[in-house]
Amino acid sequence: MILYAVIARAKDAAVLVESMVAGVEGNFPQITVEVLERIVSSSNWTSALGTLESSSQVELLPDGARRTFVQRHDDSMFGGFFSGVATQWSCFGFIPNDVESSAEEDNGDMDYYFHLCRKDNVICLCISDDIDARYHAVNYDFLDDSHSKFTKSYAPYKVTKAKAYEMDKKFSKELEKLIYFYNENRNKMARQEKMHDLMNKVDDLKGLLGRNITMVLERESKLVELVEKSEDMLEDTKVFSKRSAKLKTRVKHTYYSYYVIVFVFGALVLYLFFGEICGYSFKKCRSSEGGR
């Protein structure tokens with residue numbers, strides 16, 4: 001259940017709006033201011049003069065981040081507060097499994113959960129007593145909704161120039177309505193969140209199956225292309241065999257024709273040679289044989 005909520009300026013931890021559930025008692029405003037001051041003291045700021053660096057080595061709430069700080073039930077509100085993300089205080093990012101396991105280990109020793117989110121120059125904070133991690137997700141939805149409505153109502157320059165609690169009179173009622181809405185509908189929202197997670201897992205499984213099917217189809221298409229290429233290569237091999245056989249026959253014919261030409265040329269040379277000696281009709285050789 002959301003017990004207390006605050007919207008503050010991130011630059012100097014000035015509280016602009018706050019709202020507490022009716023009937024809830026406690027020093028939530030004082031401890032919230034201390035939380036905000038410690039977070040702002042660990043932040044780095046960029047200005048016209050350059051970057052203003054904090055003395056802390058760890059920035060507790062960077063711009064755009066979400067954090068949950070948990071106070072143990074048996075600790076005083078102020079004793080040893082945040083001693084280096086302290087022994088008395090545990091800090092972790094918004095990871096439901098971590099929240100749930102931490103709560104199980106302490107067996108109910110956890111008292112209050114400080115959920116924070118920071119966007120630009122605005123820090124939204126709410127305090128809850130929820131142990132179930134599903135309700136932590138609902139609380140972060142509340143912070144996102146509060147930030148959205150606040151930034152739509154007030155321009156950034158108004159947030160920068162505003163004095164502490166300047167927007168409290170006009171916006172506290174809106175913040176109170178949001179707290180009431182989320183507290184009344186948190187069980188339904190938690191179930192929807194669980195269903196949403198299941199649907200996301202189903203979508204992821206669909207995506208994985210789709211990728212596997214795509215890979216199988218691509219593999220099948222590649223196999224088909226490989227078969228087609230092998231068939232084309234087989235056809236090319238047959239064509240090459242036919243062409244090589246024709247070329248071989250042509251080479252043989254050319255080879256034999258050279259022999260015929262050489263033979264005819266040799267016979268012609270012999271004929272001309274003997275024609276010069278005996279005459280082309282061989283009469284001289286015949287008359288000499290007859291005179292003998």
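**A walk through the model**

Start by selecting Tyr-165, which sits in the loop between helix 4 (156–161) and helix 5 (168–184). Keep in mind as you go that this is a predicted model. Is Tyr-165 buried, exposed or partly exposed? With a relative accessible area of 37%, Tyr-165 counts as partly exposed, because that value falls between the 20% and 50% cut-offs. Now check its backbone: Tyr-165 isn't a glycine, yet its phi is positive, at about 65 degrees. For background, most residues other than glycine have a negative phi.

Next, select Ala-13. You'll find Ala-13 in the loop between strand 1 (2–9) and strand 2 (15–20). Here, too, phi is positive, about 65 degrees, although Ala-13 is not a glycine. How accessible is Ala-13? Its relative accessibility is 10%, so Ala-13 counts as buried.

Time to go inside. Select Ile-7, Val-17, Phe-142 and Phe-150: these have the most contacts inside the largest nonpolar core, a set of 27 residues. Which elements give two or more residues to this core? They are strand 1, strand 2, strand 8 (122–128), helix 3 (133–153), helix 5 and helix 6. Helix 3 is the biggest giver, with 6 residues. As a general rule, nonpolar side chains in soluble globular proteins tend to be buried together.

Stay with Phe-150 for a moment and show what surrounds it. Leaving aside residues up to four places away in sequence, Phe-150 touches Ile-7, Leu-16, Val-17, Val-122, Val-159, Met-167 and Phe-171. There is also a second, separate core, made of 23 residues, and Leu-3, Val-6, Ala-65 and Ile-123 are among them.

Now pick out helix 1, residues 28–41. Its 14 residues reach 20 Å from the first C-alpha to the last, close to the 20 Å expected at 1.5 Å a residue. Which residues of helix 1 are buried? Colour Phe-28, Ile-31, Thr-32, Val-35, Leu-36, Ile-39 and Val-40 to see them.

Last stop: the surface. Select Leu-205, Leu-208, Leu-209, Ile-213 and Leu-217, which form a nonpolar patch with about 470 Å² of accessible area together. Leu-205 belongs to helix 6, which covers residues 186–278.

Terms used: Residues numbered from 1 in each chain as written. Predicted model: local features only at pLDDT ≥ 70, side-chain atom pairs only at ≥ 80, totals over all residues. Heavy atoms only, no water. Patch = residues over 30% accessible without salt bridge, like charges linked within 9 Å, V, L, I, M, F, W, Y side chains within 5 Å. Areas by Shrake-Rupley, 256 points an atom, 1.4 Å probe, with all protein chains shown as cover. Salt bridge = Lys/Arg side-chain N within 4 Å of Asp/Glu carboxyl O. Helix = DSSP H or I, 4+ residues; strand = E, 2+ residues; numbered from the N terminus. Buried < 20%, exposed > 50% of the residue type's maximum accessible area, 1.4 Å probe, protein only. Expected span 1.5 Å × (residues − 1). Core = buried A, V, L, I, M, F, W, Y, C linked by side-chain atoms within 4.5 Å. Contact = heavy atoms within 4.5 Å.
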